[in-house]
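These are my notebook entries on a single chain.

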Amino acid sequence: MVGRFFVSLLVMVLCCGSIVAQSFKLNQTGYFNNEGVDVMSFSDFYPEGHQGGITIIMNGNRLCANGDIRFEPTPGQWQPVPAQLERKVESDRIVTTLAYPDSTRHNTGFNPMFYPDVQLKYKVTLEPKGKGLLVTVDLDNPIPAELIGRAGFNLELFPGELFGKPWIMDERTGVFPQQPNSPVIAQKSYLDISLGDFKPQKSQSADLDHLNATGYSPYKADEVIAEPYATGRNFVLNPNDRLGKITFRTLTSDLKLYDGRMNHNNGWFVLRSDIPAGATAGAVKWYIEPEVVAGWRYKPVVQTSQVGYLPTQPKTAIIETDRRSGLLPEATLVRLDATGEHTVKHMPVEKWQGEFLRYNYAKVDFSDVQTPGIYSIRYGESSSTLFRIDSDVYDRGVWQPVVEYFLPVQMCHMRVSEKYRVWHDACHMDDARMAKEGNLIDGYAQMPDNMTPHDAFDIVHGLNVGGWHDAGDFDLRVESQSGECYVLTMAYEMFHPEIDVTAIDQGKHTVEIHQPDGKNDILQQIEHGALTVVNGYLALGRLYRGIICNTLRQYVLLGDASAMTDGVLGTNDDRWVFTENNPGREMNTAAALAATSRALRNFNDTLSAHCLGIAREIFDSQTTGSNATRFNLGKVQAATELYIATGERKYLDFILAHWDNCINSIGNCGWYLARIEKTLDAQKKYGKQTMAFREALKTYSESLKKQSMETPYGVPYKPNIWGAGWNIESFGYRHYFLVKEYPDIFSGEQVFNALNFVLGCHPGINRRSFAGGSGTESTIVGYGLNRADWSYIPGGVVSGTALIRPDFPELLVFPYLWQQVEYCLGGDSTHYMFLVMAVKDLLM
């Protein structure tokens, strides 16, 4: 009775909405705002990454996301998502039109999805009502009978903010648990009830039966789901916390609270209403009322390097503030010693002149402070974390963990131990079998002609050696392997770092962390990467595209990589090796191999010779690609590395023949040509070429300065769905070569800023270093092999702060958001390693 009265009263309030002051207003950025509460409607669209749909940000924390129609109570990244057709802002409401299926993703694509046999077009409308907002879902046609109880409106609730927090559903109460808890519901998967046929013509098909294999499969994870924690009409999230309290009231079918982690480890909590049979207009109606705290302001965040600075290094703190707040005139630098804290100086705060994301920014320059010590910066009631200034600040535990921990842990075909601990046993010793034709997962697809002597499922011997696992996916992509070798080689050639803390035995397939073996660890890692690329080439007669598991259950493995296969070559669980016709990627690999050959001289001469020989063969055999200009620039890079490796004239002639193209693409190729341009400059006959090159560099330098001024962080930076850390590391890595060779044209400031960005000077409330274990505060929950334990791999560098479009920077403490906390190979961590060495080289 109470519930009926409550709903009736709510309907009256909503009907009288025109005479009630509307608290939530559409802002210029296209979402609803009231004080510290933001409610977005399809400003973003990345549902498999828990981004998009109806999204609620409560006082700087994203608590709810992905409000949309789904065909399961608790879908994962592999389940069908709609196509977003149109988003319109109409007066004071947002109307988004969507449709199932998205045929471009059915049974094909990077990660194939499989849609039920239903075509559904619908609109989701978000508009202010009373003190909150009304969500209305209108369908063009009713849900088919076979999807009744399956189709519904879902809103995902972020677990990381809710563990141990209370909820109330009508008269029922509960606390969000740390782990999913039984009982469960067993049912048929929608794939066994209704499977459509929407695949685009001419696209390759995936083999659903093969991907599912036997037992649990993420594609059919809806066979067992958690029973809802509660069902009712009114749901209150965080009833005891004004900064996070949200009330939900349904005007249609009941609300149900689910735990999506029961059938997908990376799931979120889900609040849901089923779509009733026969419903079309107003099939779902929710009233959402977030608690609004009058006068709430974003607390200023003081961003500095979590590691610290060399005495002579430029030092700038960034202060991020609410746009509605005024700017304090000064900040205070304090120094910590054995007797306590002491004020060093009061520093003027300079407002950054520009608009970036949703905040205001200011800068505090303290470059003149060079006395060694431990420091912090105070700004009003906010403080930076502690950081050091000292000449040895980068000498221990900064770049070293990349080689000391991360790369060893990622090593495939090895047992990796660290004293008492075994990170993983010897894995994938049964690599590999030739892939069959068709679309698999994670971007792998085998063309009909694999261009090798092998037929589908043939055993390809010699592939169970070398290589690093890609993040938590455990596959070996050729660009990741060769790219890692390339960056390591550049670091070795430029800085000659000496590090020996790991024993690596290729014959026994063992790695012992913190056990020196008398060999340079960087050279041993270069060797390990080269082994997989070279052995693949020798076994196949060409480069492989990659090696990956062949079922989805294997792909989502969490934990010890050796559990993926049985280690017996020739059984059905063996990984598959793929090939492709991709001249551009082959040329990039040739460049990496040519460079690698130099590092391996006098360390492993046989492997060095193979690297050089393969690079030569690829260079000579590949003459064109689908994009001739891009291909030729890639071939120029290969020619550059081959010329440095051999000194042979034919490679220099190729470079000179394409010099004008290089001038026009100086931003892409200037960094590697810088290493040979000086030798040309010494020869008067190339004066015209070198003059044009340097003029192009000057123009490029001015362009970079303008780009770097577009944000307060002093580097070219365009926030996107994926964290920008990797791109900024890559930029800093390449930019170093220009600074080193042309200090009269390029400043080292952008190299310093790139490193500071990675180490904590980046937007958002989470100012942790992206490098796990490095700095006062660092990202110690990462998307690696141990992510199920909410842990990290020291030296692993995550993708970093991402963008919740249109303007919210976010770095969540949650191990399953690959777009924010994934580790990756092919640079990334080693780009960061290189950056640290580069900063020290430029300043000392």
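The entries below record what I looked up, topic by topic.

**Entry 1: the chain as a whole**

I note at the outset that this is a predicted model. I began with the secondary structure and found 17 helices and 42 strands in the chain. I then looked up the dimensions: along the principal axes, the C-alpha trace spans about 90 × 70 × 55 Å. For 844 residues, a compact globule would have a radius of gyration near 28 Å, and the chain agrees because its own value is 28 Å.

I next turned to burial and surface. Of the 844 residues, 61% are buried. The accessible surface is about 31400 Å², and carbon and sulfur atoms account for 49% of that area. On contacts, I considered pairs at least 6 apart in sequence; 71% of these join residues at least 24 apart. For charges, I compared the mean position of the 77 positive ones with that of the 97 negative ones and recorded a separation of 5 Å.

**Entry 2: helix H17**

How many residues does helix H17 have? I count residues 829–843, which gives 15. The distance from the first C-alpha to the last is 22 Å, close to the 21 Å expected at 1.5 Å a residue.

I then asked how H17 is placed relative to the rest of the structure. Because 11 of its 15 residues are buried, H17 is largely enclosed by the rest of the structure. The buried residues run from Ser829 through Thr830, His831, Tyr832, Met833, Phe834, Leu835, Val836, Met837 and Ala838 to Val839. An α-helix has 3.6 residues a turn, so residues three or four places apart point the same way. The cover over the buried residues of H17 includes helices H3 (400–410), H4 (478–495), H5 (521–540), H14 and H15 (749–758).

**Entry 3: helix H14**

H14 is among the elements that cover H17, and I examined it next. Helix H14 comprises the 17 residues 725–741. At 1.5 Å a residue it should span 24 Å, and its end C-alpha atoms lie 25 Å apart, which agrees. With 13 of its 17 residues buried, H14 is therefore largely enclosed by the rest of the structure.

**Entry 4: the loop between S26 and S27**

I looked up two residues in this loop. Trp352 is found between strand S26 (350–351) and strand S27 (359–365), and Gly354 lies in the loop between S26 and S27 as well.

Is Trp352 buried or exposed? Its relative accessible area is 10%, and Trp352 is buried. Gly354, at 36%, is partly exposed.

I listed the contacts of Trp352, leaving aside neighbours within four places in sequence: Tyr361, Ala362, Lys363, Met709, Glu710, Thr711 and Pro712. By contrast, Trp352 and Ala277 are 75 residues apart along the chain, with 56 Å between their C-alpha atoms.

**Entry 5: Asp807**

Where is Asp807 found? I located Asp807 in the loop between strand S41 (802–804) and strand S42 (808–810). At 6% relative accessibility, Asp807 counts as buried, because the cut-off is under 20%. Beyond neighbours within four places in sequence, Asp807 is in contact with Thr29, Tyr31, Met40, Leu357 and Arg358.

**Entry 6: backbone details**

I recorded two cis peptide bonds. One runs from Tyr100 to Pro101, with omega near 0°; Pro101 is placed in the loop between strand S7 (93–100) and strand S8 (120–129). Another joins Asp431 and Ala432, with omega about -5°; Ala432 is in the loop between strand S32 (421–424) and strand S33 (433–434).

I also recorded positive phi values in residues other than glycine. Met451 has a phi of about 60° and is found in the loop between strand S35 (445–446) and strand S36 (476–477); with a relative accessible area of 28%, Met451 is partly exposed. Asn602 has a phi near 70° and is found in the loop between helix H7 (583–600) and helix H8 (605–621). Asn602 is exposed, with a relative accessible area of 75%.

Conventions
Residues numbered from 1 in each chain as written. Predicted model: local features only at pLDDT ≥ 70, side-chain atom pairs only at ≥ 80, totals over all residues. Heavy atoms only, no water. Helix = DSSP H or I, 4+ residues; strand = E, 2+ residues; numbered from the N terminus. Rg over C-alpha atoms; globule rule 2.2 N^0.38 Å. Buried < 20%, exposed > 50% of the residue type's maximum accessible area, 1.4 Å probe, protein only. Contact = heavy atoms within 4.5 Å. Areas by Shrake-Rupley, 256 points an atom, 1.4 Å probe, with all protein chains shown as cover. Lys, Arg positive; Asp, Glu negative; His and termini not counted. Charge placed at Lys NZ, Arg CZ, Asp CG, Glu CD. Expected span 1.5 Å × (residues − 1).
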